[in-house]
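Let's go looking for salt bridges. Have a look at the sequence and the fold first.

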Amino acid sequence: MKLDVVLGLQWGDEGKGKIVDVLAGQYPVVARFQGGPNAGHSLHFEGKGFVLRSIPSGIFRKDATNIVGNGVVLDPITFKGECENIAKTGVPVKDRIVIAKKAHLILPTHRLLDAANEAAMGKGKIGSTLKGIGPTYTDKISRNGLRVGDILAPDFKSRFEKLKNRHVRQLEQLGYECDPDAEEAAFMEAVEYLKEFRLIDCEYYVNETLKTKTMLAEGAQGSMLDVDYGSYPFVTSSSTICAGACTGLGVAPSQIGHVFGIFKAYCTRVGSGPFPTELFDETGERLRKLGNEFGAVTGRPRRCGWLDLVALKYTVMLNGVTDLIMMKSDCLDDFDTIKVCTSYRVDGQETSQVPFDTYAEIEPVYTEFKGWKADLTGCRKEEELPAEFKDYIRFMEEYLGVPIKIISLGPDREATIMR
């Protein structure tokens with residue numbers, strides 16, 4: 001059997017939570033393979049809304065097992081609160097979630113370090129969500145981190161103290177005033193809660209499962225935030241592309257099946273960093289309001305702009321996307337003209353490639369389309385879609401070289417057209 005992967009192709013916030021929830025009905029196992037509680041995967045069904053941070057989006061499917069993979073960084077306090085909220089709806093979270101022992105733990109002092117580092121950068125700050133993600137991955141790479149499996153060790157408390165003291169010294173060097181003990185009791189209580197879950201050797205569990213079952217791997221953030229191939233240094237601290245599913249779950253590349261790439265019909269970005277098609281005018285504000293472009297976790301307003309096909313083709317290539325999924329087309333229903341960026345002009349030269357230099361002055365070159373001026377939200381079959389919208393889809397498929405298999409026309413599970 002194969003491991004299918006669903007991930008974002010832009011700067012995050014593409015709508016991955018809804019799509020994983022829609023697809024999860026076809027998969028007995030759903031896994032998160034990277035990222036942390038900076039994710040905010042929104043699900044809407046039966047008139048209710050949920051935002052998932054660390055928990056895979058298959059949690060509401062009663063027959064699905066949900067894996068928190070070893071590439072994830074887990075905040076026990078956040079995870080406990082999230083699980084308890086979901087459990088109130090009658091979902092047996094402890095029966096449906098398994099956690100990789102090799103996943104790294106976010107300590108309260110990781111979040112303090114995140115804030116201290118961001119403050120020290122001043123105007124050059126990255127735009128971190130301040131959830132402790134970056135410092136946790138830093139400790140992982142520098143071989144100082146604590147992992148979920150460590151909570152079972154008899155000397156876990158001393159290992160915790162050793163890492164906390166290391167953080168305290170770093171905070172002192174940064175001149176950041178804080179109380180490093182403030183959330184320690186809540187952290188230890190949450191660690192005890194974690195012990196009530198099944199902790200697994202993820203690589204063995206996943207490969208054994210794939211002998212008899214298909215699996216869906218769920219990415220967080222977006223491909224343009226990948227630590228290697230995104231708009232560095234304005235990126236996240238993990239591998240958000242398809243290759244991250246291999247390292248984040250312990251599977252070989254040959255095990256990857258379908259790669260579902262999700263993108264919005266326009267672009268958004270949170271935090272600092274390049275955004276060639278960003279709109280600073282009334283149109284950008286209109287997109288923000290129509291798309292309700294505010295962070296699911298942070299509430300921060302997102303930067304908005306026209307669809308960037310240059311960046312999208314780049315991430316389609318990086319991920320080996322087999323199936324495209326377009327979100328929020330309905331937000332463009334009332335526009336007379338719709339623009340898409342089909343090339344860049346850099347230093348006077350036109351190019352169809354994303355430049356190495358993050359700080360390069362990029363002028364987007366647009367192709368314009370006549371708007372469809374129709375309400376798409378009620379459409380449930382492809383033949384109901386207006387001709388202008390079909391032309392828009394056809395152009396993108398030809399440019400990207402990959403079929404658009406799913407079109408989402410609203411936040412609810414049912415507002416979805418399978419092509």
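This is a predicted model: local features need pLDDT of at least 70, side-chain atom pairs count only at pLDDT 80 or more; totals for chains, interfaces and linings use all residues.

Residues are numbered from 1 along each chain as its sequence is written, and side-chain values use heavy atoms, with hydrogens and water left out.

A salt bridge here means a side-chain nitrogen of Lys or Arg within 4 Å of a carboxyl oxygen of Asp or Glu. Searching the whole structure turns up 28 salt bridges. Three of them are in this table:

| Pair | Closest N to O |
|---|---|
| Glu 189 and Lys 80 | 3.5 Å |

Start with Glu 189 and Lys 80, which form a salt bridge. Glu 189 is in helix H7 (residues 184-194) and Lys 80 in helix H2 (residues 76-87), so this pair ties together parts 109 residues apart in sequence. Helices (H or I, at least four residues) and strands (E, at least two) are DSSP runs, numbered from the N terminus.

How accessible are these side chains? Lys 80 is buried, at 15% relative accessible area. Buried means under 20%, exposed over 50%, and partly exposed in between (1.4 Å probe, protein chains only). Lys 94 counts as partly exposed at 35%, and so does Glu 196 at 46%.

Finally, there's a network: salt bridges link Asp 13, Lys 264, Glu 293, Arg 302 and Lys 328.
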